[in-house]
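Please keep the sequence and the structure in view while reading.

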Amino acid sequence: MLPLRAFRTDARKIHTAPARALYLLRPLPILLATGGGYAGYRQYAKYRERELEKLGLEIPLKLAGPWEVTLYKSVPTRLLSRAWGRLNQVELPHWLRRPVYSLYIWTFGVNMKEAAVEDLHHYRNLSEFFRRKLKPQARPVCSLHSVISPSDGKILNFGQVKNCEVEQVKGVTYSLESFLGPRTSTEDLPFPPATSCRSFKSQLVTREGNELYHCVIYLAPGDYHCFHSPTDWTVSHRRHFPGSLMSVNPGMARWIKELFCHNERVVLTGDWKHGFFSLTAVGATNVGSIRIYFDRDLHTNSPRYSKGSYNDFSFVTHTNKEGVPMRKGEHLGEFNLGSTIVLIFEAPKDFNFELKAGQKIRFGEALGSL
């Protein structure tokens, strides 16, 4: 029997080594290692960008390649954002609220003295804390300028729209038509169909002598998460793009071309005293929830909608010929964490922005005027 036992022992040794090698070659450890290394590389790149910003130096552009964008879009960010949303709605024990919220306040520099309710125990879950209201006097609305900031945030870019390309940050653009969506012949849309880029822009500019302008505001996680009407206008149409939910922080905006066109967004279009006006709320990772207060039919980051599609809704009906009137500073909607607001509107050629790229701005402060 000894030869047989020896044979069996040797056989185990022969088969055990390849099994361990196969275990080490399983996809999960490889993905974790490569994903962790890539995340570390991106964090280092962001650190370098922050240091260059502190020194006042221009950050060199390095756009993501197609394979990098495809790899990023393959991450199930919509599913993860839905899971994050459900987690945020879980009621925290009374004793746990202060330490959890205090950590968030410390991490993102939240100013709770501006909150309508400063007591941290008042907020039952993270979602309520994210959507906290401000004291009425915390954000006075500027009455001297025709367009105000709809939210707290950081100005990424602003200026005239040229050649149907809009800058998400300096040097990185996206297509105006891809962002707002193709025009159709439906009567509900506030602009008729066109056949070229030039006619697309010219159809948005409805009055002779006007130009098309844009402004991009990034909301960080520590910012006030509600957004308001930037001017007196009437909302006539909503277009919802399900899209991806990639991060929209300034570093990503410099890295991924047409980032805002990839992501889920809600485009509100209508008119103000100078013609066409639009406000777009762009979603991001963990910000699958975009809420428009007067739009009960809107459901963002829903599994019933697929990427690459869009759905339209008109606020103009037989009983309401104009749409939804909004006053400057009026509550319009909210994000669940923080994201981006993009304004695209027409105005006379003497419209001037009262801004600097990269500056911090608060809801109610002036964006520009005539």
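## Helix α4

In this predicted model, helix α4 runs through residues 77-88 and so contains 12 residues. From its first C-alpha to its last, α4 reaches 16 Å, which is close to the 16 Å expected at 1.5 Å a residue.

Which residues of α4 are buried? They are Thr77, Arg78, Ser81, Gly85 and Asn88. These residues lie on the same side of α4, because they cover an arc of only 95° around the axis. That buried side packs against α6, which spans 126-130. On the face turned away from the buried side, α4 carries the exposed residues Leu79 and Arg86.

## Helix α5

Helix α5 comprises residues 94-108, 15 residues in total. The distance from its first C-alpha to its last is 22 Å, close to the 21 Å expected at 1.5 Å a residue. Arg97, Tyr101, Tyr104 and Ile105 are the buried residues of this helix. Seen down the axis of α5, they fall within an arc of 100°, so they line one face of the helix.

What covers the buried residues of α5? The cover includes α6, the helix against which the buried residues of α4 also pack. The face of α5 turned away from its buried side holds the exposed residues Trp95, Leu103 and Trp106. Just after α5 comes glycine 109, with a positive phi of about 65°.

## Tyrosine 101

Tyrosine 101 is found in helix α5, and its relative accessible area of 0% is the reason why it counts as buried, since the limit is under 20%. Its side chain reaches the backbone oxygen of tyrosine 123 at 2.8 Å.

Leaving aside neighbours within four places in sequence, tyrosine 101 is in contact with Leu92, Leu120, Tyr123, Arg124, Asn125, Leu126 and Phe129. Asparagine 125 is 24 residues away from tyrosine 101 along the chain, and the C-alpha atoms of the two are separated by 9.5 Å.

## Two buried residues in strands

Arginine 265 lies in strand β8, which covers residues 265-272. Is arginine 265 buried or exposed? It is buried, because its relative accessible area is 2%. Its side chain reaches two backbone oxygens: that of phenylalanine 179 at 3.0 Å and that of phenylalanine 260 at 3.4 Å. Beyond neighbours within four places in sequence, the residues in contact with arginine 265 include Ser178, Arg239, His240, Thr280 and Gly283.

Histidine 214 belongs to strand β5, residues 210-218. Histidine 214 is also buried, with a relative accessible area of 2%. When neighbours within four places in sequence are set aside, histidine 214 has contacts with Asn157, Phe158, Gly159, Gln160, Val161, Val166, Glu167, Leu343, Ile344 and Phe353.

## Leucine 370

Where is leucine 370 placed? Its position is in the segment after β17, a strand that covers 366-369. Leucine 370 has a relative accessible area of 46% and therefore counts as partly exposed.

Serine 146 is 224 residues away from leucine 370 along the chain, yet the two C-alpha atoms are separated by 7.5 Å. Apart from neighbours within four places in sequence, leucine 370 is in contact with Ser146, His274, Pro348, Asp350 and Phe351.

## Cysteines

How many disulfides does the structure hold? The count is 0. Cysteine 226 counts as buried because its relative accessibility is 0%. Cysteine 261 also counts as buried, at 16% relative accessibility.

## The chain as a whole

The chain has 10 helices and 17 strands. Of its 370 residues, 49% are buried. The chain exposes about 19,600 Å², and carbon and sulfur atoms supply 58% of that area.

The contacts of the chain can be sorted by separation in sequence. Among those between residues at least 6 apart in sequence, 77% join residues at least 24 apart. The pair of leucine 370 and Ser146 is an example of residues in contact that are 224 residues apart along the chain.

Technical notes
Residues numbered from 1 in each chain as written. Predicted model: local features only at pLDDT ≥ 70, side-chain atom pairs only at ≥ 80, totals over all residues. Heavy atoms only, no water. Helix = DSSP H or I, 4+ residues; strand = E, 2+ residues; numbered from the N terminus. Buried < 20%, exposed > 50% of the residue type's maximum accessible area, 1.4 Å probe, protein only. Polar contact = N/O pair within 3.5 Å; in protein donor to acceptor, adjacent residues only side chain to side chain. Contact = heavy atoms within 4.5 Å. Expected span 1.5 Å × (residues − 1). Arc of directions from axis to C-beta. Disulfide = S-S within 2.5 Å. Areas by Shrake-Rupley, 256 points an atom, 1.4 Å probe, with all protein chains shown as cover.
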